[in-house]
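Student: I have not looked at this structure before. Can we go through it in questions and answers?

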Amino acid sequence: MASRMMALALRHQPAASKTSLIVRAAHSGSVNPHLAEKLEKLGNRDVVGFGWNGEPTYYDRPDFPMPAIRFKENTPDVLALRAKEKEDWKKLSIQEKKALYRASFCQTFAEMKYPTGEWKMHLGNTLIVFALAIYISLWMAAYIYDPDPISFDEEHQKAQLKRMLTLEVNPIHGLSANWDYENKRWKK
Amino acid sequence: MSIAKPQLRGLLASQIKKNLIVAGVIVTVLVTSTKFLRNEPRKKAYAEFYKNYDPDAAFQRMVDGGYMQCVEQR
């Protein structure tokens, strides 16, 4: 709870550092082990915002582009670039702008959104499962199911069709619509 | 490099407006095509069938076939 309040408080500062976190932890009386582990992983990085849940984590998310911490730790040359960033941006070369970006972020939007081709794996697995299902159903039909009832044979099916035509089943759009009653045969 | 200024406010409202127009157009097209390509021909087909339909002859056919359990076959 104390660590969460610290994270909330730090949100209002443009860039906090680890020392301020430690100072506040000392003032609150005790450093809980969860916070200590987090501080270790944090290293020298700036905490630059709240992130998506208040934790000082980094992840490239196209739907939440501002992680809570910078990507790379602060080194002297990065800090020098940051100082230069405070002046006129037209004086920054394109390499310096790119270096500043890569210090704060791991991938560009183009890189993080690049298609992975994972859909091919999913499609392949789906088709494999379909094929297995067809194999199994054929095997079931050949070995497991009881034989067809007698009403499935040719003679019985003809009798059923004759009954349906005489009773004029679907006479407008369906079965009997295709039967020529005068000449007793199928319409062309 | 200068591109046009993107729309910064009212994004949901403009999205809703666009979606409403698209939905209206699609619905109109689908409904009119269903009416004229499916419903009207079906109504005509039913009218044609029943214009010259002789139900007594049809019933006699069914009785002669022996398929009426409640009527004696003569």
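**Contacts, chains and charges**

Tutor: Setting aside neighbours within four places in sequence, A:Y59 is in contact with A:W52 and A:P67. Note that this is a predicted model.

Student: Where in chain A is A:Y59 found, and is A:Y59 buried or exposed?

Tutor: A:Y59 is found in the loop between helix 3 (33-42) and helix 4 (76-85) of chain A. Exposed means over 50% relative accessible area. At 54% relative accessibility, A:Y59 therefore counts as exposed.

Student: Which salt bridge is counted between chain B and chain A, and how are its partners placed?

Tutor: The count between these two chains is 1 salt bridge. A:E168 lies in the loop between helix 8 (154-166) and strand 1 (179-180) of chain A, while B:R61 lies in helix 2 of chain B, so the pair joins two chains. A:E168 is buried at 9% relative accessible area, and B:R61 is partly exposed at 33%. The salt bridge is the one in which the side chains of B:R61 and A:E168 meet, at 2.6 Å, N to O.

Student: Which helix of chain B gives the most residues to the side that touches chain A?

Tutor: On chain B, 11 residues are in contact with 10 residues of chain A. Across this interface there are 3 residue pairs in polar contact. Helix 1 (11-51) and helix 2 (55-64) of chain B each supply at least two residues of the side that touches chain A. The most, 5 residues, comes from helix 1 of chain B.

Student: How many residues of that side of chain B are nonpolar?

Tutor: Sorted by class, the side of chain B that touches chain A has no polar residues and 2 charged ones. The nonpolar residues there number 9.

Student: Which residue forms a salt bridge with A:E96?

Tutor: A:E96 is partly exposed, with a relative accessible area of 21%. In this salt bridge the closest N and O atoms are 3.0 Å apart. The pair links distant parts of the chain, 12 residues apart, with A:E96 in helix 5 (residues 94-104) and its partner in helix 4 of chain A. That partner is A:K84.

Student: What separates B:E48 and B:K51 in helix 1 of chain B?

Tutor: The side chains of B:E48 and B:K51 meet in a salt bridge at 3.7 Å, N to O. B:E48 is partly exposed at 45% relative accessibility, whereas B:K51 is exposed at 56%. Because the two are 3 residues apart in helix 1 of chain B, they are separated by about one helical turn.

Definitions and conventions
Residues numbered from 1 in each chain as written. Chains lettered and ligands numbered in written order. Predicted model: local features only at pLDDT ≥ 70, side-chain atom pairs only at ≥ 80, totals over all residues. Heavy atoms only, no water. Contact = heavy atoms within 4.5 Å. Salt bridge = Lys/Arg side-chain N within 4 Å of Asp/Glu carboxyl O. Polar contact = N/O pair within 3.5 Å; in protein donor to acceptor, adjacent residues only side chain to side chain. Helix = DSSP H or I, 4+ residues; strand = E, 2+ residues; numbered from the N terminus. Nonpolar A, V, L, I, M, F, W, Y, C, P; charged D, E, K, R; others polar. Buried < 20%, exposed > 50% of the residue type's maximum accessible area, 1.4 Å probe, protein only.
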